[in-house]
Amino acid sequence: MYDFDLLVLGSGPGGQKAAIAAAKLGKRAAVVEKRHMLGGVCINTGTIPSKTLREAVLYLTGLNQRELYGQSYRVKDEITVADLGMRTQHVIGREIQVIRSQLSRNRVQMFEGTGRFLDSHTVGVSGAEEKKITAERIVIATGTSPARPDSVEFDDRTVIDSDAILHLDRVPETLVVVGAGVIGIEYASMFAALGTKVTVVERRERMLEFCDLEIVEALKYHLRDLAVTFRFGESVAAVERRPRGAITVLESGKKLPADCVMYSAGRQGKTAELCLDAAGLSADGRGRIEVDEHYRTEVPHIYAVGDVIGFPALAATSMEQGRLAAQHACGEPVADMHELQPIGIYTVPEISFVGRTEDDLTRERVPFEVGISRYRELARGQIIGDSYGMLKLLVSPETRKLLGVHVFGTGATELVHIGQTVMGCGGTVDYLVNTVFNYPTLAESYKVAALDAMNKMRAIARLTAEV
């Protein structure tokens with residue numbers, strides 16, 4: 001009756017995993033994606049390019065080695081956009097090959113073009129030639145694009161968003177970043193490491209409000225050391241383009257001149273071209289589609305996954321959403337995604353955490369003890385020259401279980417998974433105290449932090465017993 005059992009719109013992390021999961025179950029699966037966008041935003045303009053750019057910045061600037069070789073140490077004196085882009089394009093190319101191979105190996109058919117609904121079971125594809133494809137089940141995984149306020153005149157050279165920043169013709173000497181969310185702070189830290197004088201404008205009173213305050217303060221201190229200026233509680237009134245740059249005018253009256261202004265004003269769901277009405281669907285003002293716990297939309301045979309459904313909008317969670325949606329669509333038993341999902345922020349240095357923050361626990365009136373380990377106290381920290389990194393454990397004094405793990409510094413996005421696993425398996429701080437970690441490693445920070453928390457809990461127990 002239908003051309004395919006499952007048709008996926010979009011080939012980003014969520015779309016890939018949905019199509020492959022259906023194919024593994026013996027279903028006829030297909031993916032619709034625009035020409036030259038295989039892998040979606042994640043591979044072409046988002047996660048992979050930005051993280052590769054970060055690694056190139058760290059290597060070429062020698063930033064991480066300056067603790068060892070002096071503050072003047074640098075691998076390359078004059079770093080150009082070509083230097084930064086070389087590795088980025090190589091990685092993108094290889095990742096596209098891997099995705100193409102995986103889809104082909106699983107017999108997932110690819111259709112190049114822009115998909116739009118003709119009815120709830122039919123998708124029209126505009127490409128080299130017009131096609132009509134029918135499917136019993138459809139998964140929307142079209143992702144997002146940077147939100148562009150109507151009041152701002154973007155020219156992709158002087159006034160840009162996070163997509164255009166990857167295509168600058170030179171490294172700016174000065175940069176204004178509007179918005180201190182994850183993307184804004186990641187790029188602010190990268191360009192600060194390159195030597196660009198960066199000013200961050202944020203209308204709220206702090207950045208990364210969902211992160212642990214102590215960790216955010218550590219990052220802020222480090223960025224100020226890289227000459228980043230923060231303007232919190234400020235909003236942008238206008239951006240005036242000039243022949244050799246732009247002036248950012250704040251509502252307070254301040255004027256910030258810069259070579260380039262980058263807007264990081266959130267993301268917009270890519271649903272405008274989908275003709276959702278034809279399928280009986282709708283999106284909110286941000287282009288996001290509402291789904292239930294199984295990622296079904298209001299039309300039961302149409303699912304949506306990834307950034308297009310909103311928070312947490314991470315590549316890692318999108319992959320799992322795609323797999324679970326496809327399994328449910330194919331009538332397979334589905335387990336819920338584990339509630340412990342790590343957050344990784346690829347600033348310079350990295351931040352990562354899982355579980356609750358001190359503010360969360362205080363608000364909920366949940367007792368906790370804090371255990372801290374600092375990289376400078378670890379042999380591995382001295383070896384790699386990281387004197388600022390830290391790991392924080394939040395422990396329940398009643399059950400001794402971990403309530404949260406927060407890491408700042410080298411390898412934070414990798415280290416957090418140890419704590420995530422212990423928490424997910426219901427482990428306690430005693431496990432970390434009594435286990436053996438390789439020496440010298442950064443993973444040892446778990447044992448040091450666990451001992452710190454344990455000693456504090458014992459001190460309280462002794463005083464309590466005396467009473």
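This is a predicted model: local features need pLDDT of at least 70, side-chain atom pairs count only at pLDDT 80 or more; totals for chains, interfaces and linings use all residues.
Residues are numbered from 1 along each chain as its sequence is written, and side-chain values use heavy atoms, with hydrogens and water left out.

Asn44 counts as buried because its relative accessibility is 15%, where buried means under 20% relative accessible area, exposed means over 50% and partly exposed lies in between (1.4 Å probe, protein chains only). A polar atom of the Asn44 side chain is found 3.1 Å from the backbone oxygen of Leu38. When neighbours within four places in sequence are left aside, Asn44 is in contact (heavy atoms within 4.5 Å) with His36, Met37, Leu38, Gly39, Pro49, Ile92 and Ile96.

Another asparagine, Asn106, sits in the loop between α5 (81–105) and β3 (109–112), and Asn106 is buried, with a relative accessible area of 14%. Its side chain makes a polar contact with the side chain of Lys24 at 3.1 Å; a polar contact is a pair of N or O atoms within 3.5 Å, of which, within protein, one must be able to donate a hydrogen and the other to accept it, while residues adjacent in sequence count only if both atoms are side-chain atoms. The side chain of Asn106 also reaches the backbone oxygen of Gln102, at 2.8 Å. Not counting residues up to four places away in sequence, Asn106 touches Ile20, Ala23 and Lys24.

In helix α7 (residues 213–225) the residue to look at is Ile215, which counts as buried because its relative accessibility is 1%. The C-alpha atoms of Ile215 and Asn455, 240 residues apart along the chain, are separated by 22 Å.

Helix α13 (residues 445–466) has 22 residues, which at 1.5 Å a residue should span 32 Å, and this agrees with the 32 Å between its end C-alpha atoms; the expected span is 1.5 Å times one less than the number of residues. The buried residues of α13 are Ser445, Tyr446, Ala449, Ala450, Ala453, Met454 and Met457. These residues cover an arc of only 165° around the axis, and therefore lie on the same side of α13, the arc being that of the directions from the helix axis to the C-beta atoms. They pack against β20 (369–374), β21 (390–395), β22 (402–408), α11 (412–424) and α12 (429–434), whereas the face of α13 turned away from its buried side carries the exposed residues Arg462, Leu463 and Glu466.

Turning to strands, an open sheet of three strands has the order β12-β13-β14, with antiparallel pairing, where two strands pair if DSSP finds at least two bridges between them. Its edge strands are β12 (236–242) and β14 (255–258), each of which pairs on one side only. Strand β13 (residues 245–250) pairs with β14 in the antiparallel sense over four bridges, and the bridge partner of Ile247 in β14 is Pro257.

The last sites concern the backbone itself. Most residues other than glycine have a negative phi, and most peptide bonds are trans. A cis peptide bond joins Val348 and Pro349, with omega about 0°, and Pro349 is found in the loop between β18 (343–345) and β19 (351–355). Another cis peptide bond, with omega about -5°, joins Tyr439 and Pro440, and Pro440 has its place in the loop between α12 and α13. Asp156 has a positive phi, near 60°, in a residue other than glycine; Asp156 lies in the loop between β7 (144–146) and β8 (159–160) and counts as partly exposed at 41% relative accessibility. Ala313, likewise not a glycine, has a positive phi of about 55°; Ala313 lies in the loop between β17 (302–304) and α8 (315–329) and counts as partly exposed at 37% relative accessibility.

Definitions and conventions
Helices (H or I, at least four residues) and strands (E, at least two) are DSSP runs, numbered from the N terminus.
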